[in-house]
Amino acid sequence: MKLTTKGRFAVTAMVDLAMRQTRGPVTLAAISERQHISLSYLEQLFGKLRRHGVVTSVRGPGGGYNLARPAAELSVAEIVKAVDEPLDATQCGGKENCHDDRRCMTHDLWATLNEKMHEYLSSVSLGDLVAHQSGKPVAVIKHFRSPEKQSEHVPA
């Protein structure tokens, strides 16, 4: 499975936006500074997010971006898809021509992974990610680290 920087950064920026939009439109410059993502890269991503109806823009002084719908109604899959990020673990892009123009022996494995990945990312909303950042338990987001690993990352 390959989820590139484009999809990761889009989701990160959207969480940042969702956490702060109650105070009015959020600027990309502010997101860029907080998340250490290039402003020009954010401009490209938010252009795509706007065209797909995920965010709205407000021009002028005090302008920036807002969510187009409540965070609970926006899935992570929708955000990733809006920035043209393919969620495909197959080598063939689903065309079944992976091995000498034939279906490879593991095609069904990777195709099923695609389905599960899309199913999972569709089940996680932007609202879930915001709640998780606020320290609230979220059923669809689970910690898989062992207790020893978790304690290593706790700030002193």
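**Close-up 1. Contacts of V83 in the predicted model.** Apart from neighbours within four places in sequence, V83 is in contact with K6, G7, A10, L45, K48 and L49. V83 belongs to the loop that runs between α4 (76–82) and α5 (107–123). The relative accessible area of V83 is 0%, so this residue counts as buried, the cut-off for that class being under 20%. Between the C-alpha atoms of V83 and H52 the distance in space is 8.6 Å, while the two residues stand 31 residues apart in sequence.

**Close-up 2. The largest pocket and its lining.** The space in the largest pocket amounts to about 380 Å³. Its lining is made up of 16 residues, and those nearest the centre of the pocket are V11, V76, Y120, L121 and L129. At least two lining residues come from each of α1 (5–20), α4, α5 and α6 (126–133). With 4 residues, α1 gives the largest share of the lining. By residue class, the lining holds 12 nonpolar, 3 polar and 1 charged.

**Close-up 3. The backbone at H36.** H36 is not a glycine, yet its phi is positive, at about 55 degrees. This residue sits in the loop between α2 (28–35) and α3 (39–51). Is H36 buried or exposed? H36 has a relative accessible area of 70% and is therefore exposed, since that class begins over 50%.

Key
Residues are numbered from 1 along each chain as its sequence is written. This is a predicted model: local features need pLDDT of at least 70, side-chain atom pairs count only at pLDDT 80 or more; totals for chains, interfaces and linings use all residues. Side-chain values use heavy atoms; hydrogens and water are left out. Buried means under 20% relative accessible area, exposed over 50%, partly exposed in between (1.4 Å probe, protein chains only). Contact means heavy atoms within 4.5 Å. On a 1 Å grid over the protein atoms alone, a cavity is a set of points where a 1.4 Å probe fits but cannot get out, and a pocket is an open set with protein on both sides within 12 Å along at least five of seven lines; lining residues have an atom within 4 Å of a point. Grid points are joined across faces, edges and corners, and a volume is the space filled by probe spheres set on the points. Ala, Val, Leu, Ile, Met, Phe, Trp, Tyr, Cys and Pro count as nonpolar, Asp, Glu, Lys and Arg as charged, and the others, Gly among them, as polar.
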